[in-house]
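Please examine the sequence and the structure shown below. The report that follows considers the surface, the pairs of side chains and the confidence of the model.

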Amino acid sequence: MLFFISLQSRRIELVACTPNPTGASVAQQAPNLLMTLDAHQQPLRLLIHDRDAKFSRGCDHIFQSEGIAVIRTPVRAANANAHAERWVASVRREWLDRLLIFSRRQLEHLLRVDTRHSNQQRPQRALVLHAPEQSDGNPTRLRAPTHPLLTRSDLLGGLIHEYEHAA
């Protein structure tokens, strides 16, 4: 699984999976990320990745040719890429450890559902408890309604719940 997270917005930008990842497959995803970011009109200044051999010089060259600085994390320093580590841990804890994955198609579906949930519903502390696609950057005080009426939607067979105010 290959994924990119925008540190500024905490938005998961691109998720791809392949059974046998290689440097060529990662380099192939680099233009896909750049097109996705162009569609969202988000400029990319830095790319931080670990020292896995799959992040080849060819992949780095694609980003550097677009004026993006590539930073490799230090050896054995998981905290240097804490946002990625946290997302992987939450995916593993919330549904990967609880489901049997039978096919790539099923995994891709689960990743699409989780990515949509993370980008549109999951509150982020750094974004004043807004989801990445709902954040406007203005801090607001949170007030509990006097009589909250909520509806719950279950995702991934009830492993993830989304709550919304009832009409």
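## A nonpolar patch on the surface

In this predicted model, the residues L7, L46, I48 and I71 form a nonpolar patch on the surface. Together these residues have about 300 Å² of accessible area.

## Confidence of the model

How far does the predictor trust its own result? The mean pLDDT of the protein is 82, and 91% of its residues reach 70 or more. Confidence is lowest in β2, with a mean of 83, and highest in β4, with a mean of 90. Where pLDDT is low, predicted coordinates should not be read in detail.

## Aromatic pairs

A pair of aromatic rings is described by the distance of the centres and the angle of the planes. A search of the whole structure finds 2 aromatic pairs. In one of them, the ring centres of F3 and W87 are 4.7 Å apart. The planes of these rings stand at 50 degrees, so the pair is tilted.

Which parts of the structure does this pair tie together? F3 belongs to strand β1 (residues 2-5), while W87 belongs to helix α3 (residues 82-96). The pair therefore ties together parts that are 84 residues apart in sequence. F3 counts as buried because its relative accessibility is 17%, and the cut-off for this class is under 20%. W87 is also buried, with a relative accessible area of 7%.

Side chains of opposite charge can pair when their charged atoms come close. A search of the whole structure finds 9 salt bridges. In one of them, the side chains of E133 and R11 meet with a distance of 2.8 Å from N to O. E133 lies in the loop between α4 (104-120) and β5 (150-155), and R11 lies in the loop between β1 and β2 (12-16), so this pair ties together parts that are 122 residues apart in sequence.

Are the two partners buried or exposed, or something in between? E133 is partly exposed, with a relative accessible area of 38%, whereas R11 counts as buried at 12% relative accessibility. R11 and E133 are also linked with E13 in a network of salt bridges.

## A salt bridge between a helix and a strand

D60 forms a salt bridge with R72, and the closest N and O atoms of this pair are 3.2 Å apart. D60 lies in helix α2 (residues 57-65) and R72 in strand β4 (residues 69-72), so the pair ties together parts that are 12 residues apart in sequence. D60 is buried, since its relative accessible area is 3%. R72 is partly exposed, with a relative accessible area of 22%.

R104 and E108 form a salt bridge in which the closest N and O atoms are 3.0 Å apart. Both residues lie in helix α4. They are 4 residues apart, which is about one turn of the helix.

R104 counts as partly exposed at 44% relative accessibility. E108 is partly exposed as well, with a relative accessible area of 27%.

Key
Residues are numbered from 1 along each chain as its sequence is written. This is a predicted model: local features need pLDDT of at least 70, side-chain atom pairs count only at pLDDT 80 or more; totals for chains, interfaces and linings use all residues. Side-chain values use heavy atoms; hydrogens and water are left out. Rings of Phe, Tyr and Trp (its six-membered ring) pair if their centres lie within 6.5 Å; planes under 30 degrees apart count as stacked, over 60 as edge-to-face and the rest as tilted. Helices (H or I, at least four residues) and strands (E, at least two) are DSSP runs, numbered from the N terminus. Buried means under 20% relative accessible area, exposed over 50%, partly exposed in between (1.4 Å probe, protein chains only). A salt bridge is a side-chain nitrogen of Lys or Arg within 4 Å of a carboxyl oxygen of Asp or Glu. pLDDT is the predictor's confidence in each residue, from 0 to 100. Patches are made of residues with over 30% relative accessible area and no salt bridge: like charges are joined within 9 Å, nonpolar side chains (Val, Leu, Ile, Met, Phe, Trp, Tyr) within 5 Å. Accessible areas come from the Shrake-Rupley method with a 1.4 Å probe; for residues, only the protein chains shown count as cover.
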